[in-house]
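Please read the following explanation alongside the model.

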Amino acid sequence: MKNKKSGLLLEIWKGRYLYLLLLPLFLWLCVFCYIPMGGIVLAFKNYKASLGIWGSEWVGFENFKRIFITPDAMAAIKNTFTVSFGRLLVEFPMGIILAIMITEMPGTRVKKIYQTVFNFPHFLSWIVVSAILTNFLSNRGGINELIAALGGERINFLADKGLFRPILYLTSNWKEMGWSAIIYMAAITGIDPTLYDAASIDGATRLRKIWHITLSGIKSTIAVMFILEVGNVMNAGFDQIFNMQNDVVKGVAQILDTYVYDITFQGIPNYGFSTAVGLFKSVINFILILVANRTVYWLTGEKMYG
Amino acid sequence: MKQTFKKRKKRSLVDIVCTVCLTIFALLIIIPFWNAVVISLETETAYVRSPFSWWPVEFTLSNYEHLVESSKLLLSAYGATIKITVIGTLGGMVIMVMAAYAFSRQFAGKKPLFMIMLVTMFFSGGMVPMYMHLKNLKILDTHFAVIMLHLVSVYNIIIMKNGFESTPLDLQEAAMIDGANDLKIFATVMLPLQKPLIATFSLFAAVGHWNNWYWPMLIINDMNKVTLQLYLRYIIASSITTARESLSMDGDATFAMGIQMASVFVVILPIMLVYPFLQKYFVKGMMVGAVKM
């Protein structure tokens, strides 16, 4: 017993410099991640500024119950899932398709030029991208000028309830699809090139090679990325929606994150309720990630982190 | 390029479909940018006559001049963003690189410590508790808070850790046999070896700080402390009134859309300038993480 204890102490002493290297990170985690989590108690309180967090009255799960009887909150939850699943359906495959298209292009220089173009918007904020695309999609923007020139009827893309979500998916692809393709391109370069040669000898067409070698070669990457996305379902894209929405489309655009922002910073704030909505989101998000991670591990034997 | 085509004898349908699709995608990205450039270089009359043109019809720099003249705000916002980006990148990288190296090694308690770090990637108290926390610390409305909230990316620590793990162990072991301690191995063996990786992630961090706007928007009220991204939001929200005022005051040919687009380019100028040269490092950095996954 004593031996074991001194063995552990020895181990710790051996790692002393490594702990030192970790110290700043854990100080930061403590001050800017874990201590703020203490504020979660707000969700179980009827917060009164005059009484402070600890002085305010405990109300148990009242704030959470209120989520389910507040129509706006329920609509935001529903929209969060709808938008996220729309993204999984429309946005997720685009990175894969783009990666395959780029790798199928002959010539490294061409590939590089395309990639340079596709990756650029990733490095801009949604404030910038939204300014550029809002102009382009506006009533007198490029797309509508083209429609008008072809004799069509102008479409108010950004103030149309039916079109707003598809616009979200498309503009998000506009910004991020090049970047999300990189991971798949990296996976494709990891595929054994002799497989392609062997398939050619067997007379496989290019489409068959793409299907049987490229796609099957990157399927574990696809699985992992899919998990990441599913785990992220509760985050339906605050940055984008916050900058692109307007009052007309609020009904279809309001997600949980924008809802929390609205109830906290517009009108009379109820911090207890705001925190409860945020926590509700965080907890579901966390559970989804854990479940998703387990699933991938079980399916492919690949652990995402660690 | 010609040679590869010859080797293949003929362009297959796959080549054609890929080329056509990729070219359309690329144009869809380039044209809105170009349109924004053109508008920022036009007069209002030209814009009203034809909002979309391939070339500025009545070329003018007045939109940019207006931005430079009318705004001490722009200069202070530039200053704030540069300060935040430099301090945030340096500070954050020191913390992240040290942690990434430590986690690439074996030590007692590695697993629980890693979990403690990992959890913060997926779970947070949310916006309101964080806001209250900053209020308690009395650092609302400070650049310090802006920097601290965006200082560390756990995801990037993990990717850098993978990078450190992929370096051959022999070098480290050789140093250990020579009696070097972990700090020395880190500083003299790993840091020089991983310079490209560290440079790449510094770029990521810098771009992140440059584009950071969410928490700054929530906590910065003082106009003198506004960052570039907030400045752009402010311009977009108020450019209509600003333009009207400036028109009535000096009859200047500035207009809302022109000023908006001009400010977009003023804000992204540094990124546009460095991006073409640094693109490949960004991609490499992304690949480091991707290989293990």
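Helix α2 (residues 16-37) of chain A and helix α7 (residues 127-136) of chain B pack with their axes 9 Å apart, at an angle of about 115 degrees. Axes here are lines fitted to C-alpha atoms, for helices over the stretch in contact, and angles run from 0 to 180 degrees between N-to-C directions. Helices (H or I, at least four residues) and strands (E, at least two) are DSSP runs, numbered from the N terminus. The angle makes α2(A) roughly perpendicular to α7(B); angles under 35 degrees count as roughly parallel, over 145 as roughly antiparallel, 65 to 115 as roughly perpendicular and the rest as oblique.

This is a predicted model: local features need pLDDT of at least 70, side-chain atom pairs count only at pLDDT 80 or more, and totals for chains, interfaces and linings use all residues. Residues are numbered from 1 along each chain as its sequence is written, while chains are lettered from A and ligands numbered from 1 in the order in which they are written.

The crossing of α2(A) past α7(B) is right-handed, a crossing being left-handed if the near helix is turned anticlockwise from the far one by less than a right angle, and right-handed if clockwise. On the α2(A) side, A:Ile35, A:Pro36 and A:Met37 meet B:Pro129, B:Met130 and B:His133 of α7(B). Two residues are in contact if their C-beta atoms, placed from the backbone, lie within 7 Å. The contact of α2(A) with α7(B) comprises 5 nonpolar, 1 polar and no charged residues. In this classification Ala, Val, Leu, Ile, Met, Phe, Trp, Tyr, Cys and Pro count as nonpolar, Asp, Glu, Lys and Arg as charged, and the others, Gly among them, as polar.

Over the whole interface, 74 residues of chain A are in contact with 81 residues of chain B. Helix α2 of chain A gives the most to the side of chain A that touches chain B, with 13 residues. That side of chain A has 49 nonpolar, 19 polar and 6 charged residues.

Chain A itself has 17 helices and 2 strands. Its radius of gyration is 25 Å, well over the 19 Å that the globule rule gives for 306 residues, so chain A is more spread out than a compact globule. The radius is taken over C-alpha atoms, and the rule is 2.2 Å times the number of residues to the power 0.38. Along the principal axes, the C-alpha atoms of chain A fill a box of roughly 75 × 75 × 30 Å. Of its 306 residues, 38% count as buried (20 or more other C-beta atoms within 10 Å of a residue's own; exposed if 12 or fewer, partly exposed in between; C-beta atoms are placed from the backbone).

Within chain B, helix α5 (residues 72-104) and helix α12 (residues 195-211) pack at about 140 degrees, their axes 8 Å apart. That makes α5(B) oblique to α12(B). The crossing is right-handed. Among the residues that meet here are B:Gly88 and B:Gly92 in α5(B), and B:Ala205 and B:Ala206 in α12(B). The contact of α5(B) with α12(B) has 8 nonpolar, 7 polar and no charged residues.

The loop between α7 and α8 (143-149) of chain B holds B:Lys138 and also B:Asp141. Phi is positive in B:Lys138, near 60 degrees, and in B:Asp141, near 65 degrees. B:Lys138 is exposed, with 9 other C-beta atoms within 10 Å, whereas B:Asp141 is partly exposed, with 15.
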